[in-house]
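Subject: Structure handover

Hello,

I am passing a structure on to you. Please look through it first; my notes follow below it.

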Amino acid sequence: PVLTLVAPAWRIPLLPAPGWMSARAGVDLSSIPAAQNTQTPRAAPTGNLSSAAATTIAPRVNGPVPGGTPPTVSAPQSQRFSIDFQLPTVAIVALLWLIGAVVVLTRLAVGTVKVSRLAKEGERVDDGEWLSLTQRIAKRLSISRPLTLLRGDRLAIPVTWGVVYPAVLLPPDADSWAEERRRFVLVHEMAHVKRFDALTQLAAQITIAIFWFDPLLWIAAHRMRVEREHACDDYVLRDGTKPSLYAGDLLEMVQSIGLPSHERAAPAFAALAMARRSEFEGRMLSILDPRLDRHTLSRRSAVATGAIVALLVLPLAALRPFAGPRAVESVKRPDASSIALSQLTPRVAEATVNATKPADAAVVYTCDTQPPRRGSVTTHVHVDEDDAQSRVLNYLTTSETKCEEASVIGFVRFSPDERQIVSLPAGAIAAFRERTLAHDRTVTVSRAPDGSLSYIATMDGRAVDYSPAARTWLSQLLPRALREMAVDVKPRIARLRADGGVPAVLSMIRELKSSASKRAHYEALISSGLTTTERDVVVKQAMVDLAYSSTDLTAVLRRAEVTNRRSSSVAGNRPSDLLVRIDPSLLRESLAKITSDGDRLSLLSQYVQTDDPGMLKLVLEGVEQITTAGDKRAVLVLAAPRVLRLRDDALHRAFFRAAAGISSSGDQRSILIAALPYGHADETITIAALKQAADLSSDGDKTSVLVTAAQQRLLKSDAVMKAYLNTARTISSSGDMKSAMEAVLTYPNRD
């Protein structure tokens, strides 16, 4: 699939195009009906400025050509049928594919759980003979990864799993095996480790989950599993094991599978079992065949094989066997006048406008003939700074009774009061429309050959003069559209502040519908130079106004902090004095509405830089709402200096309670180590950190916390030492226990 997207297309019309391809390729865009309102809804164009803007509306309705009549040719009935039923068919196929993928992945998950249970119930092998033999074989096979030997009582055959930290589970009677059997069993299982068979098996299962409907893939996965066992058998035989002895011992193992004391075998899709009854016959014949070449491929042979595979795969990936693309080439191209401005990229829009005379231009709008949905607002913006002609602004707002839209292509200049268009560069165009239950009017503004502005107006499909009424309507629509599209934000903020101060600006922002436009205006207002009181008022309104747009709210708060710190840095204030003062209840409400952990992290990271206990308590409450362990750790590590320096036991308890809610042992360890230095001033912090370390799931993480406490000379009292030893007793690893005890023995002035 990746090569299909990357490789150039190799088109050979061997097969007829399927129905869905014909439906897409065979429709003449210029024959779409204009007035009957029978179009299929189209997605809004991409490149949107608003983070809250989603795909909206837009059955397309052709605006009339001045002095002419709209086209009325309809697509054939068969094409309309194919288009209408394409999406449900795709949805059904997607649902069936998803069900199959979930079944395969569930099977893999169940098998992984079973293997994990085997690892949990297995007993680590610490017998010197086994370990010595394992080390010698690992050296002989050039295996550097650590290998864990386990012993279990549920399986009759050895089983291997794990990629980074592989493990081998031996049957319960493995200690009674002869030296020869021990050796070839370990060689076979460690050959799996050397070949990364667990990784390729996992890749095969994921591929099956994606392409479960392809029977050839299931056959390929089965053949790969069989050949994998043959390859490991070859390792054993090359190591010097007699084929007859090896085949006889394998037969004995296979015969024990399925006995009441053992399960059949570990799941084939989650672990690598040494023998399975379904594959045993072929393996026996291969093991006893003296004519087989059991050596691995040389590097040259491997490269040649890979090249052959590439020569086969690349043409198949590039092949397009359908006749569909030719149908696309034969489709009648739509005239430039029938292309919607809201669907054009900047360069295509410029070419279209330049190719069409302004007096003859017809614009296709997206307002539907039916009353639109209530309160739907979409703002799309595309800006190409490298080309002064390639800015596209699209504005669309709907209510129950009215639909307004504006499309501006190019860097159009507007009057200071935003009620008139001052000038258009060459190739630029601006189009506006209002459709209500009573009328439908449009105004298209373009540049005449002499550089003046040309206005084309229509009313209910008829060309009319650009009357004072049309001029008044356009002067009322322009300010709304420009505000929602966030055009000329800084001059607008300056003008409103000059007329009515910050309250006038806030009143205007409150009326905006687009959250991205609100964000742009809030950021410009904050950066325009505010007093502390004004800034706090702006932030308070923003937290209410953008509560449901966490990304925009976080950006505004970040701008407030940055601006505040820059303006106050010369006054010698402490960082905590530079925080924007906000109502804690508003911060709590915003945190509850934010859905992104990244946005919560960004917001809390700003407000953790304070010495206010109430604000710090609120930050710690916000940490508990974060679901990602890494983000929780990041906030708590930042909070440790502020929280733990204060003599506030309730705040300390809230800190460690938030840390205890982290599922990752490693992240908890980082937080506890960050908290330990503050135990020099308050030993209750040291005791709390040591007690919480006892709940860590990793012995290594427990030991890290204990050793750090000892190295920082925090074991100053009997209470601290008691907490240290109680945590050390929970360590099950002898090596980690040794490290923790050695740290105590080297501690000065201790008995």
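What does the accessible surface of the protein come to, and what percentage of it belongs to carbon and sulfur atoms? The accessible surface is about 38300 Å², and 57% of it belongs to carbon and sulfur atoms. Accessible areas are from the Shrake-Rupley method with a 1.4 Å probe, and for residues only the protein chains shown count as cover.

Please keep in mind that this is a predicted model, in which local features need pLDDT of at least 70 and side-chain atom pairs count only at pLDDT 80 or more, while totals for chains, interfaces and linings use all residues. Residues are numbered from 1 along each chain as its sequence is written, and side-chain values use heavy atoms, with hydrogens and water left out.

Overall

The protein has 28 helices and 18 strands. These are DSSP runs numbered from the N terminus (helices are H or I with at least four residues, strands are E with at least two). Of the 751 residues, 45% are buried. Buried means under 20% relative accessible area, exposed means over 50%, and partly exposed lies in between (1.4 Å probe, protein chains only). Among contacts with a separation of 6 or more, 67% are between residues 24 or more positions apart. Contact here means heavy atoms within 4.5 Å.

Helix 22 and helix 23

Helix 22 covers residues 629-644 and helix 23 covers residues 649-660; they pack at an angle of about 165°, with their axes 10 Å apart. Axes are lines fitted to C-alpha atoms, for helices over the stretch in contact, and angles run from 0 to 180 degrees between N-to-C directions. The two helices are therefore roughly antiparallel. The cut-offs are under 35 degrees for roughly parallel, over 145 for roughly antiparallel and 65 to 115 for roughly perpendicular, with the rest oblique.

On the helix 22 side, the contact is made by Leu 636, Ala 639, Ala 640, Val 643 and Leu 644. Helix 23 contributes Leu 651, His 652, Phe 655, Phe 656, Ala 658 and Ala 659. By class, that gives ten nonpolar residues, one polar and no charged. For these classes, Ala, Val, Leu, Ile, Met, Phe, Trp, Tyr, Cys and Pro are nonpolar, Asp, Glu, Lys and Arg are charged, and the others, Gly among them, are polar.

Arg 645 sits in the loop between helix 22 and helix 23. At 60% relative accessibility, Arg 645 counts as exposed. Leaving aside neighbours within four places in sequence, Arg 645 is in contact with Ala 640 and Tyr 678. Asp 611 is 34 residues from Arg 645 in sequence, and their C-alpha atoms are 9.2 Å apart.

Two other helix pairs

Helix 24 (residues 665-675) and helix 26 pack at about 5°, their axes 9 Å apart. They are therefore roughly parallel to each other. Ser 665, Gly 666, Arg 669, Leu 672 and Ile 673 of helix 24 make the contact with Asp 701, Ser 704, Val 705 and Thr 708 of helix 26. This contact has three nonpolar, four polar and two charged residues.

Helix 16 (residues 515-527) and helix 17 (residues 532-545) cross at roughly 170°, and their axes come within 11 Å. Helix 16 and helix 17 are therefore roughly antiparallel. Lys 518, Tyr 522, Leu 525 and Ile 526 in helix 16 meet Val 538, Gln 541, Ala 542 and Asp 545 in helix 17. The classes are five nonpolar, one polar and two charged.

Positive phi

Most residues other than glycine have a negative phi. Asp 460 is not a glycine but has a positive phi of about 55°. Asp 460 lies in the loop between strand 17 (453-459) and strand 18 (462-464) and is partly exposed, with a relative accessible area of 39%. Arg 713, also not a glycine, has a positive phi of about 60°. Its loop runs between helix 26 (699-711) and helix 27 (718-728), and Arg 713 is partly exposed at 41% relative accessibility.

A buried proline

Pro 479 is in helix 14 (residues 468-484) and counts as buried at 10% relative accessibility. Not counting residues up to four places away in sequence, Pro 479 touches Glu 418 and Arg 419. Pro 479 and Gln 420 are 59 residues apart in sequence and 9.0 Å apart in space, C-alpha to C-alpha.

Regards
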